[in-house]
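This report walks through a structure piece by piece. Keep the sequence and the 3D view at hand while reading.

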Amino acid sequence: MRYVKLPKEKVCEFLERLKSMGTLYGPKKISEKFYDFREIGDVKEVEFEYNRTITPPRKYFFPERETVFTFDTVNVEIHETMPEGKPIILFGVHACDIVGLRIMDSRFIDDLPDPYYQIRRENGIIIGLSCLPDEYCFCSVRRTDFVDAGFDLFLHLLPDGYLVRVGTVTGHKLIENSPEYFEEISSEDKDNFAKFETKRRSMFTVQGNWDDMRYRLELHLDHPMYMRESDKCLGCGNCTLTCPTCRCYEVKDLPTLDGTGGERIRFWDSCQFRSHGLVAGGHNFRPTKKDRFLNRYQCKNAYCETTTTSYCVGCGRCTYFCPADIQFKENLLEVYGTGGGA
Amino acid sequence: MERSKMILPDHEIIEECRDVCRATVGVYVLTSCYGCQLVMATVQKIMEIANLVDFKCFYMVSSKSSMHEPVDIAFVEGSVSTEKDLEELKEVRKNAKVLVAIGACAVNGGVQSWSEGDLNYDELYASVYGDSKIKYKGLQAAPIDSYVKVDYFLPGCPPEEDEIMYFLSTFLFGSYPEEIDYPVCAECRLEGNPCILIESDAPCLGPITVAGCKARCPSFGVPCIGCRGPVPHDNSWFDSLALIFRNKGYSKDYIRERMKIFCSFDKNLEERLEKVFGRKK
């Protein structure tokens, strides 16, 4: 792996360079407390120190709503509406979210490629950014706190700039083609990188490893936590809509008035909605709020072969953006039983 | 493939079909502000609609309307608030193949049903009219499904244009509109808004109100007032939201009043509030 340094005074210029290559998206402050990935007009708006965005980066590859095809009932034809394949540069992605995107890949590309997702993803450049955890973060116990794949460049904060890890050939070319922004790293930079990582690791409120969490949960499906906590739940779906790895979608046909055609759209669904478990004949395999609540806890703790992690990457969004203040991490620990991981 | 490669439909086929199978549509009003009709009459594609269907009744569009003809699709706006409303509603139901309740009043009773469960008809009458007489025999304002079978519900105050178009086009297609059973809160996330309930403790009813408006008010920083009514199928969690509001310092009366504006006819409202606040005095 190659390492270079991006000095602080070159960061804006580097962002301008990225912006010239396609549409640049990055973290922005959108309100008093919240951040979100947004298109970057002025590179000075990019927020380098943020905890989490309200919407996950998957939205750039798997949009909230898209038309998958239009149909023509007169000629009985369908016309797929493929993405244009414009370059998408996503800047400032934290490690947990990068694993989140790899998990998305495992479902949308590895098994049976979804062309809509794949085209966008193949035209995407991912620039990672280091972060310090708050009390909602638990990527450490999910083994998603440090990434060795899934990014083109990864920027680690130094006192006077960033130590840049190069992850792909694309990332390598980005540096090769813009040598004016980068320097060789010094031994001081290496020390500072190590110091940052040590400091970062000490800040997590949970330590250890949760690889066995899914077994603990499976053994205690009747744990009283589920009833107590699901009672507080609004069923609003914020936990899944803000999640970087939730990927359930709903499909709907919108015919034209004259009936000669229409479009088929797909849009984000949530397992917290009643209709998610509704099947033909009016049967529902998750009829109650508790059933739906429990499903998310199991699904998020299931195992993803590609990343060898759980589907939950420990970003803390489902708790931070829960209007009912339901504490996912604490609830999992309660079922786990030890209060502190293995 | 590009859209331009689509071949335009043969208009003769359409014309032929129009003579044979032009759907008949009626738009009716009980007690309400006529806002739903106004939205329906001013949708961008109203001319296209007018060419495709035969409006038997639509007072906002034509004075040649008649309430007494059979129709394929009936849209009914307004709550049942008088005996006359009730008679008309029953006749519309008898004449219609498909009946759609449109707007907050028809779907949930509207603001005029705010005091449901608190004041009876005589008390309400006295507080508004005193000893005066009115020409109609009044009834306690109620959603239309209190009296007749309703096939589909199109909520909103007023309803959204894209939903009106979706309902009409699915009916004309020989299909039906899919019901929404999740809250405004979810749409608010999809719109990319920050959450005003979390961030500024706003009394937002987005979590209990049925989606479809693309979080119109919260997108402008205005807390949802619930005009679209409760999430259907008992999935409007008044208790969970009341608990959140209580923890933010709102009083029981404030919470109940606010939730009742558009949800007074939800059978779960009082029971779920009792779960949080205890039994009503």
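Just after α10(B), Gly249(B) takes a positive phi of about 105°. The model is a predicted one.

Helix α10 of chain B covers residues 238–247. Is this helix enclosed or open? Eight of its ten residues are buried, so α10(B) is largely enclosed by the rest of the structure. The buried residues are Phe238(B), Asp239(B), Ser240(B), Leu241(B), Ala242(B), Leu243(B), Ile244(B) and Phe245(B). What covers the buried residues of α10(B)? The cover includes α11 (252–263) and α12 of chain B. It also includes α8 (224–232) of chain A.

**Two helix pairs**

Two packed helices are described by the angle between their axes and the distance between the axes. Both pairs below involve α12(B), residues 269–277.

| Pair | Axes come within | Crossing angle | Handedness |
|---|---|---|---|
| α10(B) and α12(B) | 8 Å | roughly 45° | right-handed |
| α11(B) and α12(B) | 11 Å | roughly 165° | right-handed |

Take α10(B) and α12(B), whose axes cross at roughly 45°. The two helices are therefore oblique to each other. On the α10(B) side, the contact uses Phe238(B), Asp239(B), Ala242(B), Leu243(B) and Arg246(B). On the α12(B) side, it uses Leu269(B), Arg272(B), Leu273(B), Lys275(B) and Val276(B). By class, this contact has six nonpolar, no polar and four charged residues.

Now take α11(B) and α12(B), whose axes cross at roughly 165°. That makes α11(B) roughly antiparallel to α12(B). Here α11(B) brings Lys252(B), Arg256(B), Met259(B), Lys260(B) and Cys263(B). From α12(B) come Leu269(B), Leu273(B) and Phe277(B). By class, the contact of α11(B) with α12(B) has five nonpolar, no polar and three charged residues.

An α-helix has 3.6 residues a turn, so residues three or four places apart point the same way.

**Chain B as a whole**

Chain B has twelve helices and seven strands. Its radius of gyration is 21 Å, close to the 19 Å that the globule rule gives for 281 residues, so chain B is as compact as a globular protein of that length. The C-alpha trace of chain B spans about 65 × 60 × 25 Å along its principal axes. Buried residues make up 43% of chain B. Among contacts in chain B between residues at least 6 apart in sequence, 74% join residues at least 24 apart.

**Where chain B touches chain A**

The contact between the chains takes 40 residues from chain B and 40 residues from chain A. Elements of chain B that give two or more residues are α3 (46–52), α7 (161–173), α8 (184–190), α9 (196–200) and α10. Which of them gives the largest share? That is α7(B), with six residues. By class, this side of chain B has 25 nonpolar, seven polar and eight charged residues.

**Chain A as a whole**

The C-alpha trace of chain A spans about 65 × 60 × 40 Å along its principal axes. Of the residues of chain A, 43% count as buried. Residues 24 or more positions apart account for 73% of the contacts in chain A with a separation of 6 or more.

Note on methods: Residues are numbered from 1 along each chain as its sequence is written. Chains are lettered from A and ligands numbered from 1 in the order in which they are written. This is a predicted model: local features need pLDDT of at least 70, side-chain atom pairs count only at pLDDT 80 or more; totals for chains, interfaces and linings use all residues. Helices (H or I, at least four residues) and strands (E, at least two) are DSSP runs, numbered from the N terminus. The radius of gyration is taken over C-alpha atoms; the globule rule is 2.2 Å times the number of residues to the power 0.38. A residue is buried if 20 or more other C-beta atoms lie within 10 Å of its own, exposed if 12 or fewer, and partly exposed in between; C-beta atoms are placed from the backbone. Two residues are in contact if their C-beta atoms, placed from the backbone, lie within 7 Å. Axes are lines fitted to C-alpha atoms, for helices over the stretch in contact, and angles run from 0 to 180 degrees between N-to-C directions. Angles under 35 degrees count as roughly parallel, over 145 as roughly antiparallel, 65 to 115 as roughly perpendicular and the rest as oblique. A crossing is left-handed if the near helix is turned anticlockwise from the far one by less than a right angle, and right-handed if clockwise. Ala, Val, Leu, Ile, Met, Phe, Trp, Tyr, Cys and Pro count as nonpolar, Asp, Glu, Lys and Arg as charged, and the others, Gly among them, as polar.
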